[in-house]
Amino acid sequence: LAALTTQFPNAINGIKRGIEREALRIKPSGVISQQGHPKDVGSALTNEHVTTDFSESLLEFITPVSTSAEQTLAQLKDLQKFTLSKMGDELLWPISMPCFIEHQDDIALAQFGDSNIGRMKTLYREGLKNRYGSMMQAIAGVHFNISFPESLWQSLYSLNGNQGTLVDSISTGY
């Protein structure tokens, strides 16, 4: 790290990042929502920033790729604020472990429509339900996606004596 910062001080400029945050939709009483994906948010199949994950009640917020951490967090905030304004009286459960769910049948699989890809996405979730159970899939998570700039990989490759190929070095690094 010292060699990297001394010899290649700008190597980490341009890190790209994005966040995917899942959150259960709940009723004001604190129980899981039985409503379908909020229509005013856009199609769960085609909206690249607000979709459903495993179930109709498990929203997923996906920020665009950005080189600014502040911008990424602002985009996540905006996506959530927009979605909340379209959900009526429903709320977002704030933590990863789900609200009280009496039975796994209370967790409706995400529906993506009748197109081939839509049916395939729902069928995939049916497989997850059969393998792991719906309760396990109700756990919400946050995924942090990161991509390092080419300049970092070239700098590390040089510091390591250009061993192997750059492509192999990048794969090993990730």
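**Exercise 1. The surface patch**

Which residues form a nonpolar patch on the surface, and what is their accessible area together?

*Solution.* Start with the source. This is a predicted model, in which local features need pLDDT of at least 70, side-chain atom pairs count only at pLDDT 80 or more, and totals for chains, interfaces and linings use all residues. Residues are numbered from 1 along each chain as its sequence is written, and side-chain values use heavy atoms, with hydrogens and water left out.

Step 1: apply the rule. Patch residues have over 30% relative accessible area and no salt bridge; nonpolar side chains (Val, Leu, Ile, Met, Phe, Trp, Tyr) are joined within 5 Å, like charges within 9 Å. Areas come from the Shrake-Rupley method with a 1.4 Å probe, and for residues only the protein chains shown count as cover.

Step 2: list the members. They are Ile-95, Met-97, Tyr-132, Met-136 and Ile-139, with about 520 Å² of accessible area together.

Step 3: Met-97 sits in the loop between β4 (91-92) and α3 (116-132). Helices (H or I, at least four residues) and strands (E, at least two) are DSSP runs, numbered from the N terminus.

**Exercise 2. The salt-bridge network**

Find the salt bridges and say which residues they link in a network.

*Solution.* Step 1: set the cut-off. A salt bridge is a side-chain nitrogen of Lys or Arg within 4 Å of a carboxyl oxygen of Asp or Glu. By this rule there are three salt bridges.

Step 1: take Arg-25. Its partner is Glu-90, with the closest N and O atoms 2.5 Å apart. Arg-25 is in strand β1 (residues 16-26), Glu-90 is in the loop between α2 and β4, and the two are 65 residues apart. Both Arg-25 and Glu-90 are buried (under 20% relative accessible area; exposed is over 50%, partly exposed in between; 1.4 Å probe, protein chains only).

Step 2: take Lys-27. Lys-27 pairs with Asp-89, the closest N and O atoms being 3.7 Å apart. Lys-27 lies in the loop between β1 and β2 (50-52), and Asp-89 in the loop between α2 and β4, 62 residues apart. Lys-27 is partly exposed at 23%. Asp-89 is partly exposed at 47%.

Step 3: join them. Arg-25, Lys-27, Asp-89 and Glu-90 are linked in a network of salt bridges.

**Exercise 3. Helix α5 and its partner**

Work out how α5 packs against α6.

*Solution.* Step 1: find the buried face. In α5 (residues 150-159), Leu-152, Trp-153, Ser-155 and Tyr-157 are buried. Their cover includes α1 (2-7) and α6 (166-173).

Step 1: get the geometry. α5 and α6 pack at about 105 degrees, with axes 10 Å apart. Axes are lines fitted to C-alpha atoms, for helices over the stretch in contact; angles run from 0 to 180 degrees between N-to-C directions.

Step 2: name the arrangement. α5 is therefore roughly perpendicular to α6 (65 to 115 degrees; under 35 is roughly parallel, over 145 roughly antiparallel, the rest oblique).

Step 3: list the contact (heavy atoms within 4.5 Å). From α5 come Glu-150, Trp-153, Gln-154 and Tyr-157; from α6, Leu-166, Ser-169, Ile-170 and Gly-173.

Step 4: check the link. Asn-162 lies in the loop between α5 and α6. Asn-162 has a positive phi of about 50 degrees, although it is not a glycine.
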